[in-house]
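Hello,

Here is the structure I promised to pass on. Please have a look at it first, and then read my notes below.

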Amino acid sequence: MSNSQNNLEGTVAVVGGGVVGFFIAYRLASMGVAVTLVEQAGPGSGATGNSAGNIQPASGDDDAYKIALGAESLALWRTHLPQIKAAGGIDYREQDVRYLYASINEDEESEVRRILEGVQAAGLKAEWVDGSTAREIEPRLSQSITGGMLHQDCIQMDPKLFMAAFANAAEAEGVTIQRQVQAVGLTVAGGRVNGIELQDGSTLECSSAVLATGAWTLKVMSEWLGYDLPVEPFGLQKLHLGLGTAAPLNLAVRWNGVNIVCRRDGLVHAGSRFDPAGFDSQPSPDTERWLLEQVAEIMPGFEPTGVENIAAFAASIPARIPLVGRLPGIDGVYLAVPSTDGFLMAAVLAEMTEDLLVNGKTHPLMERSPLAQAKPR
């Protein structure tokens, strides 16, 4: 554990055991802060563990602001991963991957070139390649591909294994983890938070609370504190496909909103498709067929063996702008909620939160967070 000085007194409670919550707890503990993390299930048991495990700037329909935020987060991931791996004691099968953002017509090419401009402006390694060059790299790609962005600044790992390692690393750094414990409210006195109410009737005393509650944020903020925030559960469905005896894919592919990436364990992750069911999202045969159709159209030379259909849900925020910073109206309450790209954004949200709590500094890229306008009902 670090002996760094900090300006916080008492315990900081972090609610939420996904990658964002753990990254925040880990960073705070490394600064000498007393941290207790409360998780109602296992580390990364929700959206994190069911993600692709991608640290992939420009992972969606992002503007220059979001791409810059993702680029900073990627750099922070690269800084912290060696120590996390050494302390975690588990091989989480990380790898650098090349992502082809494929286009098959002029409209798609125009959009991918827009993303390429943002990625290059953020200082990331990416270039335009034509269809024949892409097929030289990966012969199983469709002949219909006219070109695309070859994004070479991405990392992929097994998210479940990573979270097991991250929990070990967090504890080694001094984080106290309360597993299988559900938080049900906050206690506030004199306009300041002073505890986390737990389902067993006890209270975890704290001087500050960080809510990294993902898709549950609207429910938590409404029921606990009377705030309505623009966060909704966003159902996602995805597939794990077997390679059989086929060779691993030479690059990952993004097309029509679907990421196709080959993991080091031989499984190919393909997803996601939005499911309006949100919290009630369940594996769907229709979604399985649709995702398989996307894979077959853009990569007809890949014939999967075995299919696992996975349903999960993440947080959805307008314009996919993270909800991060201090909650107006109650001292000591902070939020850190990404929008559908939590794995990527975890490192930069942790950096922002740690610097705000420990040093009182507001990160310049927090300027667009909608949290500053939040008001109780």
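Five nonpolar, three polar and four charged residues make up the lining of the second largest pocket (nonpolar means Ala, Val, Leu, Ile, Met, Phe, Trp, Tyr, Cys and Pro; charged means Asp, Glu, Lys and Arg; the others, Gly among them, are polar). This is a predicted model, where local features need pLDDT of at least 70 and side-chain atom pairs count only at 80 or more, while totals for chains, interfaces and linings use all residues. Residues are numbered from 1 along each chain as its sequence is written, and side-chain values use heavy atoms, without hydrogens and water.

The second largest pocket holds about 250 Å³ of space. (A pocket is an open set of points on a 1 Å grid over the protein atoms alone where a 1.4 Å probe fits, with protein on both sides within 12 Å along at least five of seven lines; lining residues have an atom within 4 Å of a point. The volume is the space filled by probe spheres set on the points, which are joined across faces, edges and corners.) Its lining includes Gly60, Asp61, Arg254 and Trp255. Two or more lining residues each come from β4 (95–103), α3 (106–121) and β13 (252–255), and α3 gives the largest share, four residues. (Helices, H or I with at least four residues, and strands, E with at least two, are DSSP runs numbered from the N terminus.)

Elsewhere, three strands form an open antiparallel sheet in the order β8-β9-β10; strands pair if DSSP finds at least two bridges between them. Its edge strands are β8 (183–189) and β10 (203–205). Three bridges join β9 (residues 192–198) to β10, and Ile196 has Leu204 in β10 as its bridge partner.

Best wishes
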